[in-house]
Amino acid sequence: VKRVYAFGKDAEGNNVTEGNKDMKYILGGKGANLAEMAVIGLPVPPGFTITCQTCMEYANADNTWPEGALDEIEQYRLDLERRIGKKIGDAEDPLLVSVRSGAPMSMPGMMDTVLNLGLNDQSINGLIKHTDNPRFSWDSYRRFIQMFSNVVMGLDGDLFENAINAKKIVRGVKSDADLTAEDMQELVEEFKAIFSENVSAEEYPSLVVDGKVGFPQNPDTQLRLAIEAVFGSWNNPRATLYRKQNKIADDLGTAVNVQCMVFGNKGETSATGVAFTRNPANGEKEFYGDYLVNAQGEDVVAGIRNTSPIAELKHVDGLQKAGAELEEVFVTLENHYRDMCDIEFTIEQGKLWMLQTRVGKRTAAAALHIAIEMVKEGLITKEEAVCRVDPEQLDQLLHPQFDKNAEYDVLARGLNASPGAAVGEAVFSAADAVAAEAEGRKCVLVRWETNPDDLAGMIAAEGILTSHGGKTSHAAVIARGMGAPCVCGVEALRIDAEKKEAVVSGTDTVIHEGDMISIDGTTGIVVLGAVELVMPELSGDLDVILEWADEFRRLGVRANADNPADAELSRSFGAEGIGLDRTEHMFLGDRKRIIQTFILNEDPAVREKAVNELFEAQTGDFYGMFKAMDGLPVIVRLLDPPLHEFLESPRALDVEIAKLEATGGDVKTIAEKRKLMEQIDAMSEANPMLGLRGCRLGIVYPILPVMQVRAIATAAANLKKEGLDPKPEVMIPLVSTVKELEKLRKVAVDTINEVAAEAGVELDIPVGTMIELPRAAVTADEIATQADFFSFGTNDLTQTTFGFSRDDVEAEFVPQYLAEKLLPYNPFATIDPGVAKLVKMGVELGHEGNPDLVCGVCGEHGGDPDSVKMFHKIGLDYVSCSPYRVPLARLAAAQAAL
Ligand code: ADP
Ligand code: MG
Ligand code: MG
């Protein structure tokens with residue numbers, strides 16, 4: 001097997017690149033795109049990439065090298081030296097390299113980059129001689145020792161930062177830039193001492209010289225340790241968490257890129273920067289990004305110095321040529337990738353070098369805008385545009401914003417790094433954010449800057465606020481990816497993470513831990529206190545993409561809604577009907593008393609009175625629903641939950657009685673309560689979700705389905721008389737045998753006919769059933785003879801197929817199952833293949849029993865893009881999901897069809 005691939009040019013200027021952009025599973029994203037840029041003639045510093053497969057072999061063999069791998073790397077290193085005409089570690093004119101991780105998917109959390117590798121006590125002299133710049137050379141060496149120690153050996157970065165700060169104090173200077181060559185040289189010695197003191201001799205016996213650990217002088221050792229550290233970082237906790245969060249497989253591995261260094265820190269005609277070919281926040285067509293003159297590596301994203309906007313680059317003395325060339329590269333990349341690109345570049349003494357590109361991450365709003373613009377520009381087709389937008393990402397657009405009418409004082413302003421607004425208690429560490437979430441408290445994570453260690457806290461928080469860093473800082477990039485609101489670079493905030501507070505400079509306001517704050521990632525505003533949030537209106541871009549999606553999708557999209565407001569909302573989001581109207585939601589509030597009366601009284605007269613009251617109320621409910629959805633189907637599910645859900649808990653009553661007794665309460669009241677408690681107790685079931693519920697209720701209490709169907713039919717009749725076009729359908733839940741359905745269908749049909757005759761209108765109300773028990777799925781051919789439609793209730797079907805109690809599993813063992821990979825994902829979130837098989841069987845058998853059968857899905861899965869794709873494949877007619885997921889389901893359905 002080939003383990004190493006070259007990229008860039010040889011000594012004669014010929015391209016010797018062996019990879020390309022389609023090889024990201026071998027070369028990682030970074031390696032594949034470095035190769036691609038070299039192939040299309042962009043200026044890429046030469047180097048080579050070690051494959052992801054080598055990483056996995058190394059990791060799986062307990063961090064030992066596969067046979068021959070080190071030799072192959074050695075060959076490519078020698079080849080690189082020949083191509084450049086310099087040698088690593090050379091005392092005259094050394095070659096320096098960077099060692100860069102790069103997985104198939106962009107993955108913060110893995111090892112950071114090591115720059116300037118190859119410097120040692122000999123080659124430093126060569127670098128000084130060759131560059132004639134001792135300050136730059138010693139600075140490079142100290143950076144190398146610092147990065148190597150921190151990134152490869154895992155030493156605490158503060159050890160080195162403290163030494164630099166101490167040096168600045170001794171010299172009486174404020175900035176690193178004011179330290180001299182001699183200062184840097186002293187720091188190199190101090191850094192080497194820190195290294196010796198903190199690296200364990202047992203762990204690294206090979207680094208022991210004269211009984212003491214020494215900073216590795218041999219460039220081969222430096223290189224090997226750095227590569228091993230990249231490989232090892234694949235399985236560090238940060239990377240593992242990130243993969244879990246982003247559903248990235250654990251067996252992909254990371255590649256390692258070894259690339260010859262170029263220097264953005266060689267004076268005023270050198271610079272380094274990051275950029276996007278379009279604005280990744282709103283999609284505007286403009287060059288977007290930041291650069292720093294005379295800087296190296298991550299200085300830009302670290303927010304250490306203030307950056308300048310990329311558009312200025314071509315007006316800066318000494319950088320004009322490179323700046324203009326960079327703009328041409330933007331265009332070349334977009335035309336080549338036919339998408340917005342994200343790039344990293346460095347200018348060394350006026351010469352532009354490309355260090356990275358990839359298809360750039362963007363907010364949902366930008367994704368829509370860019371896709372539409374690119375269709376207009378003729379760069380991509382409508383179909384491609386529809387596939388460019390991640391359905392899950394649309395959720396961002398449906399995120400809350402500050403209410404326009406809310407009154408608040410702006411406390412501070414920062415960069416609008418990721419859209420949406422968040423309100424929560426201020427917390428100052430990732431751990432506190434995680435703790436707040438665990439206690440059900442909403443929080444906003446406030447940090448100087450975030451780093452990959454903060455990831456768990458960023459996930460837990462409602463939003464992220466930082467005082468440093470630009471729009472391409474870690475916080476901004478990660479927040480945009482997660483769809484979390486983020487305001488960054490709020491320079492007025494002086495955060496003291498130890499004290500858990502932030503002072504707002506220029507005011508005497510202090511934000512303490514636990515104080516409510518509000519941030520608006522769309523505008524960059526920070527407010528002390530909780531601002532009222534509202535949902536945004538859908539932008540024109542979303543409408544355009546969704547209309548295109550509607551042209552391509554086959555699957556219908558309906559909504560789950562049980563009140564007219566939600567029904568109207570879902571209609572405005574494009575729902576083509578209501579797939580699930582849960583009637584039990586109409587039995588809450590003051591209606592609860594009526595249903596309780598029904599349940600607890602055996603006297604038929606009392607029961608009948610209660611049922612009549614319910615009938616009046618339900619007729620009104622259905623009238624509102626059918627009116628809101630005029631002309632569109634509304635599937636009403638008859639009463640489904642176990643009745644005890646409407647009753648008080650016997651345990652709570654027991655406590656109440658004990659209290660009354662202790663305080664000498666009224667004897668009669670106590671006796672009544674006790675009787676009630678006993679009655680409820682007698683009705684309690686060991687497994688209520690497998691007990692008296694669903695169609696079984698209608699069979700035990702026939703008066704209930706008659707009342708409900710009568711209410712449905714009456715509401716429809718009334719609307720018809722008003723000239724409207726109501727389209728209710730009656731759905732009978734939790735059927736397991738055809739006999740059950742046959743019996744209840746007859747009740748429903750008879751009732752409908754009675755109402756039609758009484759009202760003198762024609763009523764055509766289909767009667768169908770839910771398929772949510774395995775028995776129903778496997779006997780669907782029989783059941784379909786009694787059904788006009790099936791709706792697969794995949795929540796219950798998942799519960800009954802696995803035998804998992806869906807109310808308990810998430811807290812109990814599912815997390816462990818996921819961690820141990822006994823399950824690939826939560827089957828209540830994304831449809832499980834086994835459950836999908838039952839759905840498929842149900843659809844196929846169902847059509848044998850009734851060729852005109854209409855089939856849909858109404859579980860949570862109806863709003864999950866991966867599940868929607870599965871349902872398309874199975875051949876369902878529609879999915880039904882919560883109103884806010886309707887746009888997402890429309891898009892996912894189109895993508896499934898394309
Ligand atoms: P990340 O995946 O975190 O972006 P990179 O491997 O891209 O890490 O490295 C981070 C930064 O280090 C780059 O943006 C670039 O500025 C700098 N860098 C990496 N390799 C080189 C190199 N060969 N020459 C100059 N700078 C480099
Ligand atoms: Mg990095
Ligand atoms: Mg990078």
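Colleague: Which strands each supply at least two residues of the shell around ligand 1?

Modeller: In this predicted model, the strands β5 (97-102), β13 (341-348) and β14 (351-359) each supply at least two residues of that shell.

Colleague: How many residues are around ligand 1, and which of them come nearest?

Modeller: There are 16 residues around ligand 1, and those that come nearest are S98, R100, T113, G297 and E344. Sorted by class, the shell around ligand 1 holds seven polar, five nonpolar and four charged residues.

Colleague: Which residues does UniProt list for the domain named in its entry?

Modeller: The unreviewed UniProt entry lists residues 26-63, 73-307 and 324-377 for "domain: Pyruvate phosphate dikinase AMP/ATP-binding", and annotations of this kind may be inferred rather than shown by experiment. Over residues 26-63 the chain is 61% helix and 11% strand, with the end C-alpha atoms 19 Å apart. Over residues 324-377, the chain is 50% helix and 31% strand, and here the end C-alpha atoms are 22 Å apart.

Colleague: Turning to helix packing, what describes two packed helices?

Modeller: Two packed helices are described by the angle between their axes together with the distance between those axes. Take helix α19 (residues 591-600) and helix α20 (residues 604-628), which pack at an angle of about 150 degrees with their axes 8 Å apart.

Colleague: Why are α19 and α20 roughly antiparallel to each other?

Modeller: Angles over 145 degrees count as roughly antiparallel, and the angle between α19 and α20 is about 150 degrees, so these two helices are roughly antiparallel to each other. Their crossing is left-handed. The contact is made by R591, I594, I595, T597 and F598 of α19, and by V606, R607, A610, V611, E613, L614 and A617 of α20. By class, the residues of this contact of α19 with α20 divide into eight nonpolar, three charged and one polar.

Colleague: At what angle do α31 and α32 pack, and how far apart are their axes?

Modeller: Helix α31 (residues 865-874) and helix α32 (residues 886-897) pack at an angle of about 50 degrees, with their axes 8 Å apart, and the two helices are therefore oblique to each other. The crossing of α31 and α32 is right-handed. On the α31 side the contact is made by P865, V868, K869 and H872, and on the α32 side by L888, A889, A892, A893, A896 and A897. The residues of the contact of α31 with α32 divide into eight nonpolar, one polar and one charged.

Key. Residues are numbered from 1 along each chain as its sequence is written. Chains are lettered from A and ligands numbered from 1 in the order in which they are written. This is a predicted model: local features need pLDDT of at least 70, side-chain atom pairs count only at pLDDT 80 or more; totals for chains, interfaces and linings use all residues. Helices (H or I, at least four residues) and strands (E, at least two) are DSSP runs, numbered from the N terminus. Axes are lines fitted to C-alpha atoms, for helices over the stretch in contact, and angles run from 0 to 180 degrees between N-to-C directions. Angles under 35 degrees count as roughly parallel, over 145 as roughly antiparallel, 65 to 115 as roughly perpendicular and the rest as oblique. A crossing is left-handed if the near helix is turned anticlockwise from the far one by less than a right angle, and right-handed if clockwise. Two residues are in contact if their C-beta atoms, placed from the backbone, lie within 7 Å. Ala, Val, Leu, Ile, Met, Phe, Trp, Tyr, Cys and Pro count as nonpolar, Asp, Glu, Lys and Arg as charged, and the others, Gly among them, as polar. A residue is near a molecule or strand if its C-beta atom, placed from the backbone, lies within 6 Å of it.
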